Amino acid sequence: MYIEHQAVSGFVSDSLMSDSLTKARWYAVQTRSRFEKAVRAELSAWGIDHYLATFQDVHQWKDRKKVVEVPLFSGYIFVRLQHIEAACLQVLKTNGVVRILGVSGRMEPVPDFEIDSIRQLLASGKRCYPHPFIREGSWVRMRRGPLAGVEGRLIRVKSQTRLVLSIELLSQAVATEVDASDVETIRQRP
């Protein structure tokens, strides 16, 4: 317990602590391989706000096909924390949790718009799939349809136009096909 607490207190900066007391922020939590759903269940039991981005996929075995729930970002779940110190300890004690992602020994929050965009894409029912993380391409906003207001990068693959939504901290992305006439170019996000 002492070692965990020592690691956590060194992991949280003073500025992050003062900011966290006023507003809950999303954080990316790395899990052991194939432990995402177990971590989700335990976080639910603890009453910690979390989000596991999943999609339905058809897996085929020799004798049958089955629709299964698959994590969109394998090995990661997101938690929304307000009181960092106590909640961070609870998250780190959760069976299957490896670490909370950050930069230079500090927890790094995931911007709300990245989580909101992924949630809106999955709720739209549009087919989506993991995509390599990219930095090129025009930054666009969807003007209409089930993804109206969602921002991401627009790329072209063969004759298809795709909207790529990224979680910068994870260096992972998800893509879905869109109609190019439904997007408008906007300024790059800071």
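Helix H5 (112-124) and strand E13 (160-167) each give at least two residues to the lining of the largest cavity, and that is where I'd like to start today, everyone. Please keep in mind that we are looking at a predicted model.

So, how many cavities of 30 Å³ or more does a search of the whole structure find? The search turns up one. Its volume is about 70 Å³. For those of you who like the general idea behind this, rolling a probe the size of a water molecule over the atoms shows where empty space is left.

Now, who lines this cavity? If you'd like to click along, the residues are Phe 113, Glu 114, Ser 117, Trp 139, Glu 151, Leu 165, Ser 166 and Glu 168. Helix H5 provides the largest share of that lining, with three residues.

Let me move to another spot, Thr 31. You'll find Thr 31 in strand E1, which covers residues 25-31. Is Thr 31 buried or exposed? Thr 31 has a relative accessible area of 5%, and because the cut-off for buried is under 20%, Thr 31 counts as buried. Leaving aside residues up to four places away in sequence, Thr 31 touches Glu 36 and Val 39, then Gly 75, Tyr 76 and Ile 77, and finally Gly 96, Val 97 and Val 98.

Stepping back to the whole chain, we have five helices and 15 strands. There are 190 residues, and 44% of them count as buried. Among contacts with a separation of 6 or more, 67% are between residues 24 or more positions apart. The accessible surface comes to about 10600 Å², with 49% of that belonging to carbon and sulfur atoms.

Last topic, friends: confidence. The average pLDDT for the chain is 86, and 87% of the residues score at least 70. Where is confidence lowest, and where is it highest? The lowest is helix H1, residues 2-11, with a mean of 37, while the highest is strand E2, residues 50-51, at 98. Across residues 1-21 the pLDDT is below 50, and in the model this stretch has 29 contacts beyond near neighbours in sequence.

How values were computed
Residues numbered from 1 in each chain as written. Predicted model: local features only at pLDDT ≥ 70, side-chain atom pairs only at ≥ 80, totals over all residues. Heavy atoms only, no water. Helix = DSSP H or I, 4+ residues; strand = E, 2+ residues; numbered from the N terminus. Buried < 20%, exposed > 50% of the residue type's maximum accessible area, 1.4 Å probe, protein only. Contact = heavy atoms within 4.5 Å. 1 Å grid on protein atoms, 1.4 Å probe; cavity = no way out; pocket = protein on both sides within 12 Å on 5 of 7 lines; lining within 4 Å. Points joined across faces, edges and corners; volume = space filled by probe spheres on them. Areas by Shrake-Rupley, 256 points an atom, 1.4 Å probe, with all protein chains shown as cover. pLDDT = per-residue confidence, 0-100.
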